[in-house]
Each structure stands twice: as C-alpha cells, then as structure tokens.
Amino acid sequence: MKLQGRTALVTGASRGIGRAIALALAAEGADVAVNYVSSEPGARDVVENITKMGRRGILARADVSDYPDTFRMAQDVLAAFGHLDILVNNAGVNSDKTFVKMDHASWRKVVAVNLDGVFNCTKVFVDQMLKQNWGRVVNITSVIGQIGNFGQANYAASKAGVAAFTKSLAKELAGKGITVNAVAPGFVETEMVSGIPEKVRNRLLEQIPLRRFGTPEEVARAVAYLVSSDGDYITGAEVSINGGLLM
Ligand code: NAP
C-alpha cells in the first residue's frame, strides 16, 4: 500500500468521482475525510466503506464556497487526524445555459463552488502542509476548461481558472515539499452527465476516439498515482483522462 500513514481530505466525496477518489486513497492505506455539502447518506456510505477497509474515515461537511464554513471544517479535520497530507479539490457543479440566457446567479454559483472553493480549501490547509514540509494537492479540472463548450461559459471559465491556479501554486510551493497538480477528466459517467440527452451523447461519443465515457475509478487511479511516491517528480501538471477527446 502506497499511502500507509497518510491522511487525506477529498471534497465532494459523497458520490461520483470524489467518492471513487476517497475509496482509491483508502485502498492505498490513507485515512480519509469525506467532504460533502448536502448528501449525508452518500457521504456516510463512503465513510463506512473506508472503515471496512480498516482505515479511518470521517465525515467533513462544509460548503466549499463558504470560507468560514471551510475554515471550521479544516479545524475539525486537523483535530481528528492531527495533520493533513493530501488535499483533493474535487467538489464541483455546473449550471449550463448559453451565455445570452445565463444570469448572474448562475455565473456566481459555478465560479463560487468550482474556483473559490479551490482557493478556500487550499488556503485553510496550506499553512499546516508548509509546517510539515510535505503536501500533495490535486485539483479536478475538466476538458471543458481546456477547449470551452457551448452553454458552459461559467463552468469552462471556472475550470480554466483552477488550471492556472494549479500552475501558479506549483511554482510557489515546489521548494516547500508540496506538489500541486490537476487532473482533467473528459466525460465521466456520474450524476453530472446523466442529464445529457441521448442524441447529444451519441454526438459526443463520435468525437471520443475510445468511443465511451470514462469511469470515476479511471480518474481516481490517476489521483492516487499523483499523491503516492510514484508522482514525486510531478508538479504543475494537468493530467488529461478523456478517451482521446483532446490531443
Ligand atoms: P457529481 O456526481 O455531481 O458530484 C459532485 C460532488 O460535489 C458531490 O459530492 C457534491 O456534494 C459536491 N458538492 C457540490 N457542491 C458542493 C459544495 N458547495 N461544497 C461541497 N461539496 C459540494 O459530480 P462528478 O461528476 O463526480 O464531478 C466531480 C468533479 O469532477 C467536479 O469538479 C466536476 O466538475 C469534475 N468533472 C466531472 C466530469 C464528468 O463528466 N462527470 C468531467 C470533468 C470534470 P453533495 O452530494 O453533498 O451535494
């Protein structure tokens, strides 16, 4: 096991990609704090699965777009674990509309969770990582941040912002034992894409050389690689997992 003795927090881990990441890190030996905002039953189920693996799992409820709430969550997690080694900023939302129909609230909501949320969670743990001179931060971006998409100006902008944040922080923290990377999934089978109409899905599949959407586990394995010693020489990278959609 490659993460024995490590502690991690995964945001948005009550379902989808975050759930798979939390379980993958626990399978490699890490104790994991499971963040969520409203899906408590889902988060509890992830914690139970982590516990069954013989690792410590704890609930860490907070709205990542709310700085005071995130700060309070970090204090609780640090009190429970004593320290935090690995932060995975995965929580994300979309609110798709063409720009002409997009109102300010929809813009703010997506940027607040996807971009401010990454700032908030990283800010509340970075001092502690600096003190221990070791840390691993992985931010979940998206192929949409790399290529843009019709109806997703808010989402694309938030993810491109996270990608740029990742590179800046990687440069600032490289000398302090902390690596900062991003993983950019393409289309992955989760609740987030479950509403895509069949016609649109088929058009998307035609553009994906591997002719399928990815699984949450395929994204989770890349995160586990980056935060284990296998990824020690990788920082400032944005690892694409998209079936060849962007090359
Ligand atoms: P999902 O199934 O909709 O899950 C989203 C997760 O984020 C849930 O655990 C949710 O918690 C949490 N969350 C939402 N708002 C939050 C907030 N304010 N504070 C804390 N947690 C919050 O989404 P997913 O598909 O797994 O996506 C995970 C990440 O991958 C996102 O950043 C997404 O943008 C990115 N991504 C997804 C795809 C894809 O095709 N699925 C592709 C590229 C990138 P609750 O359940 O408590 O609401």
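**Ground rules**

I am working with a predicted model, in which local features need pLDDT of at least 70 and side-chain atom pairs count only at pLDDT 80 or more, while totals for chains, interfaces and linings use all residues. I number residues from 1 along each chain as its sequence is written, and side-chain values use heavy atoms, with hydrogens and water left out.

**Salt bridges**

I searched the whole structure and noted 13 salt bridges, each being a side-chain nitrogen of Lys or Arg within 4 Å of a carboxyl oxygen of Asp or Glu. As background, I keep in mind that side chains of opposite charge can pair when their charged atoms come close.

I returned to Arg 44 and found that its partner is Glu 40, with the closest N and O atoms 2.8 Å apart. The two residues are separated by about one helical turn because they stand four residues apart in helix 2 (residues 40-52); helices (H or I, at least four residues) and strands (E, at least two) are DSSP runs, numbered from the N terminus. Glu 40 is partly exposed at 30% relative accessibility.

I then looked at Asp 232 and Arg 136, whose salt bridge has its closest N and O atoms 2.9 Å apart. This pair links distant parts of the chain, 96 residues apart, since Asp 232 sits in the loop between helix 8 (216-227) and strand 7 (238-241) and Arg 136 belongs to strand 5 (residues 135-140). Asp 232 is partly exposed at 42%, whereas Arg 136 is buried at 5%.

I also noted a network in which Arg 61, Asp 69, Arg 72 and Asp 76 are joined by salt bridges that share partners.

My last pair was Arg 6 and Asp 85, whose side chains meet at 4.0 Å, N to O. Arg 6 lies in the segment before strand 1 (7-10) and Asp 85 in the loop between helix 3 (67-81) and strand 4 (86-89), 79 residues apart. I recorded Arg 6 as partly exposed at 27% and Asp 85 as buried at 3%.

**Around the ligand**

I counted 32 residues around the ligand, the closest being Arg 15, Ser 39, Asn 90, Tyr 155 and Thr 190, where a residue is near if one of its heavy atoms lies within 4 Å. By class, this shell has 16 nonpolar, 12 polar and four charged residues. Helix 1 (16-27), strand 2 (31-36) and helix 6 (153-173) each supply at least two of its residues.

Looking at oxygen atoms of the ligand, I found a polar side-chain atom of Ser 14 at 2.7 Å, a backbone N or O atom of Asn 90 at 2.7 Å and a polar side-chain atom of Lys 159 at 2.8 Å. The ligand taken alone exposes 900 Å², and the protein buries 95% of that.

**The nonpolar core**

I finished with the largest nonpolar core, which has 33 residues, and in which Ile 21, Leu 25 and Val 32 touch the most other members; such a core is a set of buried Ala, Val, Leu, Ile, Met, Phe, Trp, Tyr and Cys residues joined through side-chain atoms within 4.5 Å. The elements giving two or more residues include strand 1, strand 4 and helix 8, and helix 1 contributes the largest share, eight residues.

Technical notes:
Buried < 20%, exposed > 50% of the residue type's maximum accessible area, 1.4 Å probe, protein only. Polar contact = N/O pair within 3.5 Å; in protein donor to acceptor, adjacent residues only side chain to side chain. Areas by Shrake-Rupley, 256 points an atom, 1.4 Å probe, with all protein chains shown as cover. Nonpolar A, V, L, I, M, F, W, Y, C, P; charged D, E, K, R; others polar.
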